[in-house]
Each structure stands twice: as structure tokens, then as C-alpha cells.
Amino acid sequence: MYEFIFIAEINYTFRCRLADSIGTSFKTLLKNIYLIPTQPLGACSRLQNRFELQGNIALIERGECSFVTKIINAQDTGALGVIVMDNDRTTDDRFVDMIDDSTQRNVHIPAMFLQYRDGHLILNSIENNHVIGARINIPLNLTYNEILQVHRAPGSYWL
């Protein structure tokens, strides 16, 4: 039995950036979907938790291989999308552009980039609560007025 719970300590709205020229965009609102850290977390090889990722969103850490490789490894499990979190704690004031690696491989799922502090807040909460994932919602976009009203994580970087 796999356990998913609502983790109150990460009940925040996090700012992400869609991948540039890789995959698709999130076309519909995803409510109460699960964010599952990949095993291995870098997702540069075949993912060991394929069953848990199927129909959910993969949480992957940046580094070691191309964004395309990471996303395709998640796509091959049946994941609906990917959130890549930064592996560099010193860059929380900017977003990395996730770009194509020119290998001509086809990415058919959406991917977003999440800053280090936010990504690791989520990952640490999942690990500390001994669950395999967290329930999330992915909105398409927030208007300026909605952004002013969201519950942001402490220290989260917003423009």
C-alpha cells in the first residue's frame, strides 16, 4: 500500500517556469494529482518507481544529464508531467531555462522548473513524513491579482 497525504507544512503556491521548447504545456487544471520524487532523483537512467509515477507528476532534480533525458525517462513511466527542481542552492533569485538538447527525441509531456529552496522544501517534507508523494494542484496561470493572494512558502522567490 502506498501512502499519499496532504502535508500541511507545504500548503503553499510555488512559482514554476515552463520548459522552453521542450514538450507541451499543461492544458488543463490538474487537481489533487500526486507529485512523486523519482528514483533515482536525477532521473538520468531508467526509473525504479515506474508504478508510482504512472498518471502522476514526477519530481526530478537538475544535473548530470539533459532535461530532455530526464523528461523522457519520466514520460516512459506514464507520468503526466515533470517538475525539475534546481540542484544549486545559490540560484534562488532566478529560473533556469530548460532547453532542448538537440537530440531530436520527442517529448510529449509538459515540464516545469522549480527553484532549489521550493523544490527541496517539498522533497524534504515528503521524506520527513515518510510518504512517497504529495498531493498538488497545477493551475494553468495566475492573474496578477491572484498572485497577490496566494499563500507563498517562506523565502520563496517571486517577481
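Which strands are included in what covers the buried residues of H3? Let's take a tour and find out.

Before you click, remember that this is a predicted model, where local features need pLDDT of at least 70, side-chain atom pairs count only at pLDDT 80 or more, and totals for chains, interfaces and linings use all residues. Residues are numbered from 1 along each chain as its sequence is written, and side-chain values use heavy atoms, leaving out hydrogens and water.

**Stop 1: helix H3.** Select residues 116-128, a helix of 13 residues. Helices (H or I, at least four residues) and strands (E, at least two) are DSSP runs, numbered from the N terminus. From first C-alpha to last, H3 reaches 17 Å, close to the 18 Å expected at 1.5 Å a residue (that is 1.5 Å times one less than its number of residues).

Now color its buried residues, among them Tyr 116, His 120 and Leu 123. Buried means under 20% relative accessible area, exposed over 50%, partly exposed in between (1.4 Å probe, protein chains only). Their cover includes strands S3 (30-37), S4 (57-61), S5 (81-85), S6 (111-114) and S7 (133-138), with contact meaning heavy atoms within 4.5 Å.

**Stop 2: past the end of H3.** Click His 130, which follows H3 and has a positive phi, near 55°. Then pick Ile 132, in the loop between H3 and S7. Ile 132 counts as partly exposed because its relative accessibility is 27%.

**Stop 3: helix H2.** Select residues 67-75: 9 of the 9 are buried, so H2 is largely enclosed by the rest of the structure. Show S4, S5 and S6 too, as the buried residues of H2 pack against them.
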